[in-house]
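Here are my notes on this model. Please read them alongside the coordinates.

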Amino acid sequence: MSEENGGQPILRVEDIHITFGILKALNGVSLEIHKGEILAIIGPNGAGKTSLVNVINGVYHPSQGHIFFEDKDLTIMPHHHIAALGIARTFQNVALFKGMTVLDNIMVGRNLKMRSNFFSQGIYWGFAQKEEIRHREAVERVIDWLEIEHIRKTPAGMLPYGLQKRVELGRALAAEPKLLLLDEPMAGMNLEEKEDIARFILDANEELGTTIALIEHDMGVVMDISDRVVVLDFGDKIGQGTPEEIRNNEKVIKAYLGTTAQK
Amino acid sequence: MGNAHSTLPQILLDNDRKYGRDKIAIREKDLGIWQSYSWADYCENTKKFALGLASLGFQRGDRLSVIGDNRPQLYWAQMAALCLGGIPVPLYQDAIEKELEYIIEHSEAKFIVAEDQEQVDKMLALKEKVSSMEMIIYDDPRGMRHYNQPFIKSFAEVQAVGLDFEKDHSDFFQKEVQKGSPEDTALIAYTSGTTGNPKGVVLTHSNLLTNVRLISKVEGYRDTDRVMAYLPMAWIGDSIYSLAMLLDIGFTINCPEAATTAMRDMREVGPTVVFCPPRIWENILTTIQVKMEDAAWIKQKMYAFLINVAHRVSTHQLKHQAVSLGLRFLYALGEFLVYGPLRDNLGMGRLRFAYTAGAALGPEVFQFYRSIGINLKQVYGLTETSAMCTYQPDGDVKLETVGIPCPGVEIKISEGGEVLIKSPGVFPGYYKNPEATSEALKDGWLYTGDAGIFDKDGHLLIIDRAKDVSKLANRTIFAPQFIENKLKFSPYIKEAVTLGQGQEYVTAMINIDLQSVGNWAERKNIGYTSYTDLSQRPEVYDLISNEVKKVNASLSKEEKLRGAQIRRFLILHKELDPDDAEVTRTRKIRRGFIAKKYAELIDALYSDKENVDVETKITYEDGRTANIRASLKIREAEIFQ
C-alpha cells in the first residue's frame, strides 16, 4: 500500500461545481487522489458520488472548477481522450455488451490500445493479426486473474449479476489504467462475492500498482481496504482522512454513519 | 516401456533419452492455450526442483506433500522427491483441516508443495501445530507478496536454488536416481476411512509398476494415448495414470485450466482414455437429456428413435446375440446422425477406453454410453492394490460386474463372502500402523472388506461392504445395499431399506421420489394431497410394484442371489430424513435405528397382514415435532425362479 498521505497526487479535483437545473449535484468539491492509493468515496444517496466519478472521466463537464490528471487539464476533454490517458471505470449498473462473450467484452477494454484500423482488422492478416494475438494474451491474463476461465465463451448477458460485475471489472483492468474508478463494485453481492471482489481490488492495487477510487456503501469493506476516505453529503465534501479518522469524525457520523456506528 | 526392475525416476531418465523434445509428456491449459511440456521439459524441471530440494535439506526417505489442482509443477514436485529417494504424500485439497493435520503429522511430511495462496494459508494454519513441517513451496505467486516467512518459497525460487546447486554437484542428480531400488516406497496414499483416522497406504515402485504393466498389457495402452488429469491428485487412480503409467507407457496427460472447465477442456483434448466416477457419468447423461428436451421437435423425435435403436443393438451385443440387418442399417444411420455428433460434443469422439469405479453405476446409464459407442467399463480396485485389479475385456462387458481379474491377479471369495486379493500390486502395509496391516494382510491375501461373488462366467460382482452382508434363514447371501442400489436406480424410488437378516425372505420399505412420482401422477391424472396420500395410492403401488419386479428379475439371473428376491414391500408414508436420524447427513441408512423405530412395520412385513397402522413422530426443520398417522398397505411382489 502507499505511504499514507505521502503519495504524489495523480489526480487533482479543484473546486468543482455541477448543476442540473436548480439542483446542485456538486458544490465546490476539491480533492486529491494519490498515486498508488485506494480512495473510497462515501456518502448518502444523492450525495454526488457518481456525479464526481462522471466528471472525472468526462461524462459530465463541470460548470466551474478544474480537474488535473498528472498535470494535464481534463476539465473539458472528451471522455475517450481521458480514457486514453489511463483512466478506466466501471458502472453502478452493469454496462456490458450482453450479446457478446466475456472474452470479447474484455477485449473491448483493449480497444484504445489497438493501432490497426478497421479494415486491416477485418482482413486479419499481418500486423492486425499479430496485434490481436498480443492483446488476446493480455485479456487472458485478466481472465486468469479474475478466475473466470469457465465463462470465457459465455455471452455476458447470460451470466449472473455478480459475475457480470466481475467481467466489467475485467474490462476496466484490461485497459491497464493508471487510475481505476469503481462505481459500487459490490452492490447487490453476497458476502462471499464481496470478499472476492475486495481481494481483486487489493490485488489490482498492490500487484498491478493501479490507483483506485471506489464508491461503496458497505462500510465494512470501505474501512478494510481503503487507505483514505472522502465523504460527500449533498454535493459538499464534509470530511476526508484515514478510515480511522472518518470513523471518529463528528460531522460524518452525524450526516452519514448514524450514531450507532460509533462503537 | 522401461525394464522390469526400474524405479519411476529411472524410467523418467529413459524417457528423456528416448523421447527428449520430440514428444509431449504433459499439457496444461493456461491463459486459454494448451501449453506443452516435452519429456525433456519434464525431466529438466524435475531435476532443477529436485536439486533445489536437496540444497534446502531434503534427505532420502523424507516425505513431501502436494496439495492443489492437477498442475505440472505438482507432478514435477512429486517426481523430484522420488528422484531424491523421498516419498510423495498427495493431499486432498477439500479435506477438512483436522484430516490434513492428521495426515501431515502422521506422515511427518517435511516439505509441502502448495498450488496457490489458498492452499498455503491452510498449510500455514497447520504449521504451528505440526512440528515436522519445515518448508512450504508455492507455485502460483498471485497474492503471495506479503508472505515473507523464511520457510515459504516459490517453485521458481527453489528451481533457481537448484540451478546454483548443480554448479558444484554436477552428477548429484544422476547418482541419487541410480541409488533407488524397486522395493523403495514410491507413494503413501492416505485413504479416508468411514470410521477413525485415515490410513496411509504404502506402495513401492514395484507395486505401482507391475500393476500398471498388468493393466496396460490387457487393455493395450499406447504411447500415443491422451489422458485427462483432472481427478484429485490424492486419489490412487490419478497417481497410477498421471505418475506411474505416464512414465511407463510414455503417453500424454492433460491438465485442465480449472476444475470448472474440465469438461470443456476435455472436448478440446479429445482424450483416448478417460476415467470418471459414476456421479459424473450420471451428470453428463442428465445434461444430454435436459438439452434434448429443449431441442426442436424433429430433433427430439430423431434422438428418441435412434437412441432406442442403439439400446436394442447394445442389448443384443451384451447378450452376444446376432443383430438383424435392418437394425444394423438403422444403427449406422444413427451413428451418422446422433451417436457420432453426440460423442464429439462430449469430447469423447476419440475415446478408446472409458472407466467408472468407486460406486454403483445404474445399468441404464452404463448401457446408454455403451450403446452410443463409448467403450465404458466398470473396474474394481483399491488403494491397497495399486488401483485396478479387475477389467472387463473388450467384447465381454457385463453391466453389473466389475469384470474378471487381470492376469497375474488372484481373487477368491472367503467363507464369509469377503473378496480376497493376491497380486503384485498389493501393498506391503499401512504406514506406521501394524495393527491395521495385520488385519488387512493375512497369509499374503488382502482382505478387502468388500463382499462379492463370482458369476457363472467368472466375472466378479461386488455386492456390498462385507460387514453389512448377512444371510437369510435359508443361507442365501443377503446384501442389503446391493438390492437397495438396484431399487434406487429406478427414477421413482428415492430411498429404500431392505430387510432379511436371519429371516425367511427379503422385504423392503420404499420411499417414492416425490418429484418424479408426482410428475407421473399428474400425467396420469391422479390427484393427491400430500406425500403421504400419494405414497398410498393404489396406482403408485402398482408403479412401484413393477419396479420391484424388475429388480427381482435381475436378482433372479444371479444364481447365488436368486433366493434374495424381494417378497413383500411397503411404501413409507414419510421420507427418511437426517433430521429424524433415519439416515446420516451423507444419506447412509442407519439400519439399527430404523429397525427399532419401524419395528411394527417390520413385524407386519413378516406376517401375512395386508395393512398396518402406524403413527410416527416427525421433526420439522425448526425443531418442532408432530405426529402423522397412516395406514400402510403391504404388497406381495412377483418372484422369478
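1. In chain B, α2(B) passes α3(B) in a right-handed crossing (the near helix is turned clockwise from the far one by less than a right angle). Helices are DSSP runs of H or I with at least four residues, strands are E runs of at least two, and both are numbered from the N terminus. The model is predicted: local features need pLDDT of at least 70, side-chain atom pairs count only at pLDDT 80 or more, and totals for chains, interfaces and linings use all residues. Residues are numbered from 1 along each chain as its sequence is written, while chains are lettered from A and ligands numbered from 1 in the order written.

2. The contact draws on B:Y42, B:N45, B:T46, B:F49, B:A50 and B:L53 of α2(B). From α3(B) come B:W76, B:A77, B:M79, B:A80 and B:C83. Contact requires C-beta atoms, placed from the backbone, within 7 Å. By class, these residues are nine nonpolar, two polar and no charged. Ala, Val, Leu, Ile, Met, Phe, Trp, Tyr, Cys and Pro count as nonpolar, Asp, Glu, Lys and Arg as charged, and the others, Gly among them, as polar.

3. Chain A has an open sheet of four strands, ordered β2-β1-β4-β5, with antiparallel pairing. Pairing takes at least two DSSP bridges between two strands. β2 (23-34) and β5 (72-73) of chain A are the edges; each has a single partner strand, so one side of each lacks a neighbour in the sheet.

4. Strand β4 (residues 64-69) of chain A runs antiparallel to β5(A), joined by two bridges. A:F69 sits opposite A:K72 in β5(A).

Definitions and conventions: Contact = placed C-beta atoms within 7 Å.
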